[in-house]
Amino acid sequence: MTRPLILAAVVLMLAACATTRPPVRQAGDAVTLGMQEQRERSLADSDHWTLQGRLSVSDGKDSGSGGLTWRQDGERYEFTVRAPVTGRSFRLTGGPEGAELEGLDGGTRRGPDAESLMASAVGWQIPMTELRRWVLGLRADTGPADIAFGADRLPSRLVQDGWTVDYRQWDAMKQPPMPVRVFAEKAPYKVRLSIEDWSFGR
């Protein structure tokens, strides 16, 4: 790249940084909280859905990422992650009776629930129970939650169970609108979801 092109690229990068605005996080009022409660009612029985996208996790030292397909069928789930380079995948399945993880060296592993099995087998700290609700843009049923809204009156940040969930992008074409980029953090753990497709129904 020639020097003029380099300088032009730097100027464009600086201009982009200068125009970047911090996300809007407004406290809920009667309108936004009412809209959120309506969203939660409309999605309350949505226990059969599939999302496809990308997952990235980090514990502050090590990280991992891959393509993700998450199928939720009532209380049962199938959570498949495909490594980006090797194409190797692991599949987490289960329900109320326990969880099973396939695709790792040493064979299939089992545990009492998805969250503890992922932590012990892969080292990933993912709040699976809460994330099942958070990924839909809903508050989990596990306790109090603080919620803030963006200029679009959709959730911008959700704080619950020690986790901070940032909603970076929504698909407003869907009814109700659905999250597209979901970042959850509980230092030092980070979980990032970039969702490419949502589908509902069996």
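Helices (H or I, at least four residues) and strands (E, at least two) are DSSP runs, numbered from the N terminus. The model is predicted, so local features need pLDDT of at least 70 and side-chain atom pairs count only at pLDDT 80 or more, while totals for chains, interfaces and linings use all residues. Residues are numbered from 1 along each chain as its sequence is written, and side-chain values use heavy atoms, with hydrogens and water left out.

**The whole chain**

The chain holds 4 helices and 12 strands. It has 202 residues, and 38% of them are buried. Buried means under 20% relative accessible area, exposed means over 50%, and partly exposed lies in between (1.4 Å probe, protein chains only). The accessible surface is about 11,500 Å², and carbon and sulfur atoms own 52% of that surface. Such areas come from the Shrake-Rupley method with a 1.4 Å probe; for residues, only the protein chains shown count as cover. A contact means heavy atoms within 4.5 Å. Of the contacts between residues at least 6 apart in sequence, 40% join residues at least 24 apart.

**Backbone exceptions**

Most residues other than glycine have a negative phi, and most peptide bonds are trans. Where are the exceptions here? Gln175 and Pro176 are joined by a cis peptide bond, with omega about -5 degrees. Pro176 sits in the loop between β10 (163-171) and β11 (178-186). Pro188 is in the loop between β11 and β12 (189-200).

Arg153 is not a glycine, yet its phi is positive, about 70 degrees. Arg153 lies in the loop between β8 (145-149) and β9 (155-160). Asp161 is not a glycine either, and its phi is about 55 degrees. Asp161 belongs to the loop between β9 and β10.

**Salt bridges**

Side chains of opposite charge can pair when their charged atoms come close. A salt bridge is a side-chain nitrogen of Lys or Arg within 4 Å of a carboxyl oxygen of Asp or Glu. The whole structure has 10 salt bridges. The table gives some of them.

| Pair | N to O distance |
|---|---|
| Arg132 and Asp47 | 3.3 Å |
| Arg110 and Glu100 | 3.0 Å |
| Asp166 and Arg157 | 2.7 Å |

What does the bridge between Arg132 and Asp47 tie together? Arg132 is in helix α4 (residues 128-134) and Asp47 is in the loop between α2 (30-43) and β2 (48-58), so the pair ties together parts that are 85 residues apart in sequence.

Is Asp166 buried or exposed? Asp166 has 8% relative accessibility, so it counts as buried. Arg71, Glu78, Arg91 and Glu102 form a network of salt bridges.

**A positive patch**

Which residues form a positive surface patch? They are Arg168, Arg181, Lys190 and Arg192. Patch residues have over 30% relative accessible area and no salt bridge; like charges are joined within 9 Å, and nonpolar side chains (Val, Leu, Ile, Met, Phe, Trp, Tyr) within 5 Å. Lys and Arg count as positive and Asp and Glu as negative; His and the chain ends are not counted. A charge is placed at NZ of Lys, CZ of Arg, CG of Asp or CD of Glu.

Arg168 lies in strand β10 and is partly exposed at 43%. Leaving aside neighbours within four places in sequence, Arg168 is in contact with Arg181 and Phe183. Arg192 is in strand β12 and is partly exposed at 38%.
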